[in-house]
Amino acid sequence: MNQAGYAVLRRYLGVMAVGNLVWETAQLPLYTLWWTSSPLYLAFVVLHCWIGDLVIGTITMLVGIGAAGSSWPLIHVGRAMFVTLAAGVAYTAFSEWLNVTVRGTWAYSAAMPVLPVLGTGLSPLLQWLVVPGIALLFAYRPILSTGGTRR
């Protein structure tokens with residue numbers, strides 16, 4: 001990976017770290033544990049989920065980089081961004097279904113808007129569009145502004 005690639009990854013992960021920590025904290029009232037757990041346990045949950053978000057974000061970004069090819073980040077930026085976002089949303093939809101519907105690991109409160117048919121919470125899906133979307137735009141901005149291509 002070249003220097004530009006490492007710079008993109010650093011900017012992406014920095015924004016992902018801050019954005020996901022804020023999002024995880026803000027969406028706590030949309031889960032039943034907000035109403036039933038101690039503050040210490042809630043802090044653990046946020047930390048646990050935040051670390052998971054960073055792992056998922058890193059893996060989905062690496063999948064996006066792989067889809068862009070060996071000339072990344074100078075070309076195929078759009079492909080890398082699309083694949084990164086799609087992989088994050090797909091994983092989240094699967095994980096929420098598995099953990100809410102199948103395993104019962106966590107549950108949504110009545111305040112969580114859910115998607116019809118899937119029953120997946122809207123907040124976690126939006127999280128994986130909004131936070132990585134902002135992170136990707138921030139990370140790639142220098143590349144795009146200096147002639148990198150979105151192809």
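In the predicted model, helix α1 (residues 3–26) packs with helix α5 (residues 122–145) at an angle of about 150°, their axes lying 8 Å apart; axes are lines fitted to C-alpha atoms, for helices over the stretch in contact, and angles run from 0 to 180 degrees between N-to-C directions. This angle makes α1 roughly antiparallel to α5, a term applied to angles over 145 degrees. The crossing of the two helices α1 and α5 is right-handed, meaning that the near helix is turned clockwise from the far one by less than a right angle. Residues in the contact of α1 with α5 comprise 19 nonpolar, four polar and two charged, where Ala, Val, Leu, Ile, Met, Phe, Trp, Tyr, Cys and Pro count as nonpolar, Asp, Glu, Lys and Arg as charged, and the others, Gly among them, as polar.

Helix α5, with 24 residues, reaches 33 Å from its first C-alpha to its last, close to the 34 Å expected at 1.5 Å a residue, the expected span being 1.5 Å times one less than the number of residues. A kink of about 40° lies at A139 in α5, shortly before the proline P142; the bend is the angle between axes fitted to the seven residues ending at a residue and the seven starting there.

The protein chain contains five helices and zero strands, helices being DSSP runs of H or I of at least four residues and strands runs of E of at least two. Of its 151 residues, 38% are buried, that is, under 20% relative accessible area with a 1.4 Å probe, protein chains only.

Residues are numbered from 1 along each chain as its sequence is written. Local features need pLDDT of at least 70 and side-chain atom pairs count only at pLDDT 80 or more, whereas totals for chains, interfaces and linings use all residues, and side-chain values use heavy atoms, with hydrogens and water left out.

Notes
Parallel < 35°, antiparallel > 145°, perpendicular 65-115°, else oblique. Buried < 20%, exposed > 50% of the residue type's maximum accessible area, 1.4 Å probe, protein only.
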